[in-house]
Amino acid sequence: MVKEKDISLVIPTYNSEKTILQTIAAAKKFLTDHSYEIIIVDDGSSDNTVDVINGIDDNLRILALSHHGVCYARNIGIHQAKGKYVMFCDADDQLIGSLPQFNYDEDIISFSKRCTFKNMVCESKEGKYCLIASMFDFGSDKPNFPAFYGGSVSKLFKRSYLITNELLFDEHLTNSEDVLFNAQAILLAHKIRIIQQGIYLYQGRSSSVTHSFDPKLLDNHIYFIKQIQSLLKENQVLISKIASLYLYQLIYRYFALIKNPRLGYQKWCNSINELSIKPKWNEKLNRPIERLTIKLVNTSGISSAVIFARIYNYLKQRLKKGKTTTEIL
């Protein structure tokens, strides 16, 4: 009988030929003290991503698919994994340092440089809500901040626990699918360990989906909020905070980037009414640029807010053009 590997690292790729070798090299170094497999799930790349990695390592498996999106790719990785724990890494980021040997057996092991605890175990419902809140940076000013990162990375998920609970990434979502996955995983876990250690180098990309805008993003957020409402129905305060954050963060981008801002604004207002979100949350949860945009709407009308947002966005894009940022998570 073949012994179970310690770690299955799932890396979804799409046109990543320029970065994937560096990502794999860093991953091998990170996992050097463990038995592991690296599963590359290629999401229909049109470049040479598959060719450049083909045959470079016996511990590497390549699954070449047609293009279905990152959720589908990660889900395939979960089903194909054979390790005790599953990790995720994006194809243009890097795992840093080395994963220490451990005897932990929790359903989730989360690593975070920002965590205020050196090593803690969470299993109460109240503690789990704190973890979910921390994904949105709520409570970051408090001394007991767990800093559970909202992305899929910087964590180990026990594979048997994922399979038993049928935990997968929701393919209806193109944004925040990892946040919803984490929230579901937290609530279903028996025990979660949080370790104060940065293990992931995130490369901030100005051209990534996070920094772009699609008018369909509001529909994505409404679906996401409805899933959160169903998931956290016992905690209405947290639901309101999350929903308000997700709706209000869009208003500046609506004015800056969509062709018909008045129509977009009406749809945005209708969504707030539909989800019963109270605008007063906006005063505490959003960045100054979004608060100012809404203030301009209320005092000077939509046209002034649109002009402001588009000038600001133009200047911001000029400053960011071609630049990347890095952050250790």
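## What "buried" means here

A residue counts as buried when its relative accessible area is under 20%, as exposed when that area is over 50%, and as partly exposed in between. Leu99, at 0% relative accessibility, therefore counts as buried. The structure discussed here is a predicted model, and the description below moves from the whole chain to single residues.

## The chain as a whole

The chain is built from 13 helices and 11 strands. Its radius of gyration is 21 Å, close to the 20 Å that the globule rule gives for 329 residues, so the chain is as compact as a globular protein of that length. Along its principal axes, the C-alpha trace spans about 70 × 45 × 30 Å.

Of the 329 residues, 50% count as buried, while the chain exposes about 16500 Å² of surface, of which carbon and sulfur atoms supply 51%.

## Helix H8

Helix H8 covers residues 236-248, and these 13 residues should span 18 Å at 1.5 Å a residue; the end C-alpha atoms are 18 Å apart, which agrees with that expectation. Several members of H8 are buried, including Leu238, Ile239 and Ile242. The buried residues of this helix also include the run formed by Ala243, Ser244, Leu245, Tyr246, Leu247 and Tyr248.

An α-helix has 3.6 residues a turn, so residues three or four places apart point the same way. With that in mind, a student can look along H8 in the structure and find Leu238 and Ile242, which both belong to its buried residues.

Although Ile20 and Asp92 are 72 residues apart along the chain, their C-alpha atoms are separated by 6.4 Å.

Leu99 is found in the loop between strand E5 (94-95) and strand E6 (108-111), and at 0% relative accessibility this loop residue counts as buried. Apart from residues up to four places away in sequence, Leu99 touches Ile7, Phe30, Leu31, Asp33, His34 and Phe111. The C-alpha atoms of Leu99 and Tyr265, which are 166 residues apart along the chain, are separated by 47 Å.

Phe255 lies in helix H9 (residues 251-257) and counts as buried, at 0% relative accessibility. Leaving aside neighbours within four places in sequence, Phe255 is in contact with Pro261, Tyr265, Thr293, Val297, Ile302, Ala305, Val306, Ala309 and Arg310. By contrast, the C-alpha atoms of Phe255 and Leu201, 54 residues apart along the chain, are separated by 32 Å.

Lys158 has its place in strand E8. Is Lys158 buried or exposed? Its relative accessible area is 12%, and Lys158 is therefore buried. When neighbours within four places in sequence are left aside, the contacts of Lys158 are with Lys84, Tyr85, Asp105, Glu106 and Asp107.

## Two residues with a positive phi

Most residues other than glycine have a negative phi. Asn15, however, has a positive phi of about 50° although it is not a glycine. Asn15 lies in the loop between strand E1 (7-13) and H1, and at 32% relative accessibility this residue counts as partly exposed.

Ala147 also has a positive phi, near 55°, in a residue other than glycine. Its position is in the loop between helix H4 (125-135) and strand E8 (155-158).

How values were computed. Residues are numbered from 1 along each chain as its sequence is written. This is a predicted model: local features need pLDDT of at least 70, side-chain atom pairs count only at pLDDT 80 or more; totals for chains, interfaces and linings use all residues. Side-chain values use heavy atoms; hydrogens and water are left out. Helices (H or I, at least four residues) and strands (E, at least two) are DSSP runs, numbered from the N terminus. The radius of gyration is taken over C-alpha atoms; the globule rule is 2.2 Å times the number of residues to the power 0.38. Buried means under 20% relative accessible area, exposed over 50%, partly exposed in between (1.4 Å probe, protein chains only). Accessible areas come from the Shrake-Rupley method with a 1.4 Å probe; for residues, only the protein chains shown count as cover. The expected span of a helix is 1.5 Å times one less than its number of residues. Contact means heavy atoms within 4.5 Å.
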